[in-house]
Amino acid sequence: MNKFTKVGLSALAGSLVAFSAHAGSLSASGSASLTFSNGDDKSLTHEGNQWTMADSITMTGSGEMDNGMTISVSFEIDNDDTGGGSVYDSHSMTLDTNGMGTITFAGHGGSSAMSAIDDTSPNAYEESWDVVNGAAAPPGGAGGNNMFTYKSPSVGGAQVTVAYLNASDAITDVSYMDYAISWSPEMVEGLTVGYGHGETEETTGTAVDDTSMYVKYTYGSVTIGYHDGESDGTASSSDIDFEAIGITYAVT
């Protein structure tokens, strides 16, 4: 048994080395920014130094496999842990199947099909519910680490996204899966309509259905959109009705 284990590890190490050779080098990107926060806080508690600077570096790379498919990888090194040392933050790898869509594995920072469309209404800064203190977030399904996401190629303007998350990573009673469909008809430039659905079940018998549908139209610098979302659970306390409309004008 021990000998077999050693052989398996050697084969795995060899495959990793071969993959690294195809992947090539990684490139780094970052930004220089200085932030001052809580300047209007009227609390009597001493807040200390309110100046901070950016401390995030993103490493990206890609490579082509023997079958013509490509793999891209991204790692974000972000000094956001309590110990003060640099750690991995968002990181993922994406397989481009060369015409059959893409498959992404997000070890951290992934977005499910539903969470990506929790609110599609146009906004100038951020979603209204996100900047209003105490506002409830719209239905967005479940998300977590180690998530798989598949995106189909666009066919006639239609694209399907499917996400899967193991139960232990979703912190739910069962594994989580959701889907979303968007359509941008070629005959109506600037129009996009979409629909998404997912079901979460934190404990057995407490399934909650999340649905979202939206329409958005862009003409020149103007974008207008409408979004309707709903969570329907076994108890009224888990029900959420969300409705939003937005219009933006892009100033160049």
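**View 1. D239 is partly exposed, because its relative accessibility comes to 35%.** Partly exposed sits between buried (under 20% relative accessible area) and exposed (over 50%), with a 1.4 Å probe and protein chains only. You'll find D239 in the loop between β13 (222-232) and β14 (240-249); strands here are DSSP runs (E, at least two residues), helices are H or I runs of at least four, and both are numbered from the N terminus. This is a predicted model, where local features need pLDDT of at least 70, side-chain atom pairs count only at pLDDT 80 or more, and totals for chains, interfaces and linings use all residues. Residues are numbered from 1 along each chain as its sequence is written, and side-chain values use heavy atoms, with hydrogens and water left out.

**View 2. I224 has its place in strand β13.** With 40% relative accessibility, I224 counts as partly exposed. Leaving out residues up to four places away in sequence, I224 touches P122, V215, K216, Y217, G246 and I247 (contact means heavy atoms within 4.5 Å). I224 and T248 are 24 residues apart in sequence, yet 6.6 Å apart in space, C-alpha to C-alpha.

**View 3. Zooming back out, the protein chain has 3 helices and 14 strands.** Of its 252 residues, 25% count as buried.
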